[in-house]
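Me: I would like to go through this model with you. Could we begin with the metal site and then turn to the aromatic residues?

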Amino acid sequence: MLNSRENLKKYREKRDFNRTTEPGEGKGGLRWTTRCPIFFIQKHDASNLHHDFRIEIDGVLKSWAVPKGTFTDSSKKCLAMPTEDHPLEHANFEGTIPEGEYGGGAVRIWDHGRYRNLKKDEAVSKSGSQKIEDAHVTIWLESHKLKGSYALIRTGTTDKARWLLIKMNDEEADPRRDPNAAEPNSVKTGCTPEEIREYYQK
Ligand code: MN
């Protein structure tokens, strides 16, 4: 198997670990098993407020920035911009990245949980990374705020291809729910974005 840690080169290159508050690899002591892979969503108050959607695949966190995540409305297709792979340790990260550093702004863990691949027949024949390359990922999420089936779909084939994160239409879809408004706080600490900014800037 490809050494997934090699995939983290971009992550390392974008950051000065003497300045940023984000974790490097091997920091934080987290160990995950591939039997129950994790996903999580950070809400990131950077120059543009967005969600960072990350799923554990082959030892790293595959990542997308989602500017307008609705998460429960199956009629909405949410643009998801691929970002660099993140180390698993990032799943524990909440804090304020200093202004001037890459991604400067307050980050809170808006949601986290487990996921399973819904295309079981492919599980033994293709690695998760290969599925990402093929741009057809359907997963079942189960977390504090979200539940149900989701699709990550790439449209187009060039480097500028767009990805969409879509809540699939199942019994868990509910356009009346608005977890962004109803449940805005961190699932790790219960903090509001204001509290995270205040706390971590002291
Ligand atoms: Mn971000």
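**Metal site and aromatic contacts**

Me: What is the spacing in sequence of the donor residues of the manganese ion?

Reply: The donor residues of the manganese ion follow the pattern H-x5-H-x1-D. Please note that this is a predicted model.

Me: Which residues are the protein donors, and through which atoms?

Reply: The manganese ion has His44 (ND1), His50 (NE2) and Asp52 (OD) as its protein donors, at 2.1 to 2.3 Å.

Me: Is His44 buried or exposed? And His50, buried or exposed?

Reply: His44 has a relative accessible area of 7% and is therefore buried, the limit being under 20%. His50, with a relative accessible area of 14%, is also buried.

Me: Changing topic, how many aromatic pairs are there?

Reply: The count comes to 4 aromatic pairs. One of them is formed by Phe39 and Phe53, with 6.1 Å centre to centre and 35 degrees between the planes, a tilted arrangement.

Me: Where in the chain do Phe39 and Phe53 lie?

Reply: Phe39 belongs to strand E1 (residues 38-45) and Phe53 to strand E2 (residues 49-57). The two are 14 residues apart, and their pair links distant parts of the chain.

Me: Buried or exposed, in the case of Phe39? And Phe53, buried or exposed?

Reply: Phe39 is buried, at a relative accessible area of 0%. Phe53 is buried as well, at 1%.

Me: One last point: what lies over the face of Tyr150?

Reply: That is Lys167, placed 4.9 Å from the ring centre of Tyr150.

Technical notes: Residues numbered from 1 in each chain as written. Predicted model: local features only at pLDDT ≥ 70, side-chain atom pairs only at ≥ 80, totals over all residues. Heavy atoms only, no water. Donors = N, O, S within 2.8 Å, 3.2 Å for Na, K, Ca; no water. Buried < 20%, exposed > 50% of the residue type's maximum accessible area, 1.4 Å probe, protein only. Phe/Tyr/Trp six-rings, centres within 6.5 Å; stacked < 30°, edge-to-face > 60°. Helix = DSSP H or I, 4+ residues; strand = E, 2+ residues; numbered from the N terminus. Lys NZ or Arg CZ within 6 Å of the ring centre and 35° of its normal.
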